[in-house]
Each structure stands twice: as structure tokens, then as C-alpha cells.
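Hello,

Here is the structure I promised to pass on. Please open it first, then read my notes below.

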Amino acid sequence: MVSTQVNLSGLILDNPIIPASGTFGYGYEFAEWYDINILGSFSFKGTTKEPRFGNPTPRIAETPAGMINAVGLQNPGIDKVISEELPKMRKVFHKPVIANIGGFSIEEYVHCCERIDKEDCVGLIEVNISCPNVHGGGMSFGTSPEAATEVTRAVKAVTTKPVYIKLSPNVTDIVSIAKACEEAGADGISLINTLLGMRIDLNKKKPIIANTMGGFSGSAIFPVALRMVWQVYNAVKIPIIGIGGVTTAEDVIEMMLAGATGVQIGAANLVDPFVCKTIIEELPAVMAKYKIENLSDIIGGAH
């Protein structure tokens, strides 16, 4: 009998499959289609202090083997997430969930992390530092080791649950930023967030996305994500959640061999709402094919 169980900083998951933030809502939409309790966990929609309507439309552009989105962290705000969304989520998902937190200032990250840390259904906090720093000239917190350190230290000071920092790939040196997060007390690293991309409408001769550029995701980015997970695994001792272009059980194995303990699936959920269910069902056979008895034994196994 194969074992798909993995351990994320003391949070034991039945399997490493985690729908990524922004692609799975708060779970209850998908619960209409299948029992989402088969998932290891899921990362709910990125949450900010105030409600956000998001960016102007169009926000989505298709591209071969992927998509570009500029949704703009649309969410009802931390108060309504806690008072309205989490109670609905608890009715359909009975395992600890991952809370994805966004912010535009240190104070906002601290406020949201401190609030969400008190929720019993939250097992892990994932801090998205790809948001622009409104007090730092608009640069993303995730583009410098110093800013990443500042956010990590601040949220760790007000939380009791494991904190994973979600990193942007739009940097020249992902390793230095990951190491800075580890040194500042992060319990784990989630990577990667979306790359930056754009499309142009040939008829209008203008960018398709109202924001001009957006986050590029989908199977096309898998080799980039795999490379960054590999590099960061070599540099840190804390667990990694690998994200980016994962669409099959084979991709999950590959991501874990590169160094991931958990594996998030993002854009593929928008193409096929059953993709996570399919991957979970196919994992044991794929493990048997490659003579893997225990998934946790292969983490970083390609190094």
C-alpha cells in the first residue's frame, strides 16, 4: 500500500495536492461537483484588509498552454471572509485550510495575519508578497530580500500558526529572497507566483488586458517553476510548496523530486474543475509505476 501523506510544518496532509489561491474560491463552488475533502488542503482566495473590487475588465487573456490574468485581488475583505466565507467553507471542507493573505503595507499584512491566525479552521498562513508596497514606491515586497525580511518578521510576531511566504518569480535572484525569508523566521516557502505577461488584440491593436500586463500561468511555466523550486531547495532547510504549471500526477512527482513537499495546482482548475480529483486518484498508480512507496521519501530526491 503506497502512502501519499506529507508533513507541512506539522500540518499532516493526506496527499500533497492543494488547489492554489485564486483558482478555487472558498471551496464550496467546487464542493457541488465532488467531495473536496479528498484534497490535502486548499489555499483560499487572496484576502486583504479592505474589500477589493479588483482591476477593470478585461482581466483575462488566453494564450497557448496558459493564461494571463489581472484580477487584482478581488475579495470581500478580511472581516467578511471571517464572518461569511469561512462559515460556509466549514460546511463543505472539514480539514485545515491554507489562508492566503495579501497586503499593500506591512501594517495590512500584520492586521490580516493576526486576525486569520485565530480561526480554528486555518492550519497554515500563506503570505503573498507579490503585492506592490504602496509606501515603498510601488515595488513589490517580493522583489528584495530586505522587504521580504520585513514582512516575514512582522507577520511572525503576531501569529502562532506556520507562515509560508509566497514568492514572485519576477526577480533575478529567487534564492537570496527565499533565504532572507527563512532567516526572518518563515516556516516555509511557496513558489512560484505568476510570471508577468501580456497579449495584444490584433483587431484593436491594443493590449487585451485593461491593465496591459498580468500574471502568466498554466502548463507553459512549469519548467520555470521547477527550476526555482530546485534552486530554493538547495538553499533553505524549510519546506517548500511547489506551484506553477502542474497539470498531472507525473508533474506532482517531478515537483517533489525537485524539492517540494506540497504541490499547488492553479490555472488547471479553471480548465478542468476535476483536475485535482483526477490527480489524487491517479497518484497511487503513478507512484507504483516509478516504484515509489512513500511520497515523503522522494522530496528533493533528484538532488
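Predicted model: local features only at pLDDT ≥ 70, side-chain atom pairs only at ≥ 80, totals over all residues.

Which residues of β6 are buried on one side, and which on the other? V97, A99 and I101 are buried on one side. I98 and N100 are buried on the other.

Strand β6 spans residues 97-101, and five of the five are buried, so the strand is largely enclosed by the rest of the structure. Its partner is strand β7, residues 122-128. The two run parallel and are joined by five bridges. I101 stands opposite V127 of β7.

Next, the core. The largest nonpolar core has 92 residues. F44, I116, V127, L167 and L191 have the most contacts inside it. Helix α9, residues 275-289, supplies the largest share of this core, with seven residues.

L191 is worth a look. Beyond its neighbours within four places in sequence, L191 is in contact with several residues, including L167, I174, M228, V229 and V232.

Now helix α6, residues 222-235. The helix has 14 residues and reaches 20 Å from first C-alpha to last, close to the 20 Å expected. F222, A225, L226, M228, V229 and V232 are its buried residues. They cover an arc of only 165° around the axis, which puts them on the same side of α6. They pack against α5, β9, β14 and α7. The face turned away from that buried side carries P223 and N234, which are exposed.

Best wishes

Terms used:
Residues numbered from 1 in each chain as written. Heavy atoms only, no water. Core = buried A, V, L, I, M, F, W, Y, C linked by side-chain atoms within 4.5 Å. Buried < 20%, exposed > 50% of the residue type's maximum accessible area, 1.4 Å probe, protein only. Helix = DSSP H or I, 4+ residues; strand = E, 2+ residues; numbered from the N terminus. Contact = heavy atoms within 4.5 Å. Pairing = 2+ DSSP bridges. Expected span 1.5 Å × (residues − 1). Arc of directions from axis to C-beta.
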